[in-house]
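Please look over the sequence and the model shown here before reading on.

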Amino acid sequence: MGRRAAEFRRPIRRKLSYGICFLLGAFSVVGLVMVFVQHNYHQDRVQHTLMERNTKDEHFPKDRLNFTEEILSATSFSRQLTEEMVLAKAYVVIAKEHNNLHLAWELSSKIRSCQLLLSKAAMTGMPVNKEEAEPIIRSLSTLIFKAQDIHYDIATTIVTMKSQIQALEERAIAATVQSNVFAQISAEALPKSLHCLHVKLTSDWLKKPSLQKLSDETRNSLRLTDQHLYHFCIFSDNVLATSVVVNSTVLNAEFPIKLVFHIVTDGVNYGTMQAWFLSNDFKGATIEIQNVEEFHWLNESYSPIVKQLLDSESRAFYFGAYPDVNAEPKLRNSKFLLLLNHLRFYIPEIYPQLEKIVFLDDDVVVQKDLTPLFSLELHGNVIGAVETCLEAFHRYYKYFNFSNSIISSKFDPQACAWSLGMNVFDLIQWKKANVTAIYHYWQEKNADGSLWKLGTLPPALLSFYGLAEPLDRRWHVLGLGHDLNIDNRLIESAAVIHFNGNMKPWLRLSISRYRPLWHKYINQSHPYFQICAIG
């Protein structure tokens, strides 16, 4: 095939090469223009942002307003607004009482405007200026003058406010009394879980003859009068609380097998107590259960307190309604009507063969070994107790009527009181001092309630006056049933902690901070505790 002429060789390739070069050059120029425009745009944005920040800085000064000082300043509009608002609120109350609801609505509307303006000033840190405050102050003043024109004068305002304050005070007093009554009722009530446990254990006692046989064997045990063992007495109708006392004492004792517990309860709870303590192991400790109703010697002819407890007026006071709002609810606690609560004054008669014994309330928890109490020297005294006069006002004048010459002639009003709930007794010295007869004397003198209020501590302070040996404070720490602020270090160092007060640890109203100290001595694995939802 022949070669083409020169003018006809690849003319299209040359045209393509020229086009490509032209396009590349055009794109380069456009790219440079775009870079330049973008750079200028970015600089404008930065400058605009800085200008905005500067503008904001001009509106919000570095030193913000102290609104409290603004309110207190005599020349500030904030203070004027506040004073007008307070006065307007008083007239709102008066207007409503006179059934002028339209005026009350107008005042309330301006009060809300005033509140919004003050809130804005507090949030922004800017003081209220004249332009903002003047319209509201003028309108509030107009409405207040309007109220005065329809005879809502200052005198009427003062009388109305006094009546309002008096009504509020009366409502507050009534609410306080009602609250105390409800708290006392809650403290006295038996929780459903404890009732369930009582039913289960009573059923066991009635259905299992083996428990009754075992009870007869325990009753004849020589360990009950062995002077070489450590004897404790508990008087209670609460099986769960008593179990915690026994369990905590045993678990913290160096030699639990040397412990003997003497428990006295009433006829209703006798089978419950027997079934529980005979069915559970307490590390070899001996446990005796007695029924107070079998103490036939403790009768009306021997004991003044039994006579008083059977009195119809006393029973009506405890178990009736609360007609007297001046009566302190805690002093109406029906536990004071229980003979169990007064058995502590008859310990030598209940245990005539013992020489020394430690008394424990059923609302205590033992945290340390108590056997050293039996070797403490009481220096010829009858009772060992922790003094409470280090606490606020726990002296004799707080418990007794010293205007009565019978009291003032025999006792020092500044004498230091002490606590019941964990006490060691020398029963030999008790008999020598004839303390029970002294107790009977003072109970007879107080038959009309003129010497002291109800309870067992006042007669104990009189009966053991001059016969009490002070113990180290760490033996007995009180207040876990009412005091929220007991030092943790004091609780940890205590041999016995006492939940005295209405907030008992087995109640829902107990103080949650202290509740674990009591609950850890409950055997949560026991089937009855799980069935009755205890814990």
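## Basis of the description

This is a predicted model, in which local features need pLDDT of at least 70 and side-chain atom pairs count only at pLDDT 80 or more, while totals for chains, interfaces and linings use all residues. Residues are numbered from 1 along each chain as its sequence is written, and side-chain values use heavy atoms, with hydrogens and water left out.

## The sheet

Seven strands form an open sheet with mixed pairing, in the order E3-E2-E1-E4-E7-E6-E8; strands (E, at least two residues) and helices (H or I, at least four) are DSSP runs numbered from the N terminus, and two strands pair if DSSP finds at least two bridges between them. E3 and strand E8 (468–470) stand at the edges with a single partner strand each, so one side of each is left without a neighbour in the sheet. Neighbouring strands are turned by 25° against each other on average, direction ignored, where axes are lines fitted to C-alpha atoms, for helices over the stretch in contact, and angles run from 0 to 180 degrees between N-to-C directions.

## Helices on the sheet

E2 and E3 pair in the parallel sense over six bridges, and Val260 stands opposite Thr286 in E3. H10 packs on the sheet, where it touches E2 and E3 (contact means heavy atoms within 4.5 Å), and its direction makes about 165° with that of E3. H9 lies across E1, E2, E3 and E4, running at about 170° to E2.

Helix H10 (residues 267–279) has 13 residues, which at 1.5 Å a residue should span 18 Å, and its end C-alpha atoms are 19 Å apart, which agrees; the expected span is 1.5 Å times one less than the number of residues. Ten of the 13 residues of H10 are buried, among them Tyr270, Trp276 and Phe277, where buried means under 20% relative accessible area with a 1.4 Å probe and protein chains only. The buried residues of H10 pack against several elements, including helix H7 (192–207), helix H8 (209–219) and helix H20 (527–531).

## Strand E7

Strand E7 (residues 422–426) is mostly covered, with five of its five residues buried. Met422, Val424 and Asp426 point one way from E7, whereas Asn423 and Phe425 point the other way.

E7 pairs with E4 in the antiparallel sense over five bridges, and Asn423 is the bridge partner of Phe359. Strand E6 (residues 383–385) also pairs with E7 in the antiparallel sense, over two bridges, and Ile383 stands opposite Phe425.

How values were computed: Buried < 20%, exposed > 50% of the residue type's maximum accessible area, 1.4 Å probe, protein only.
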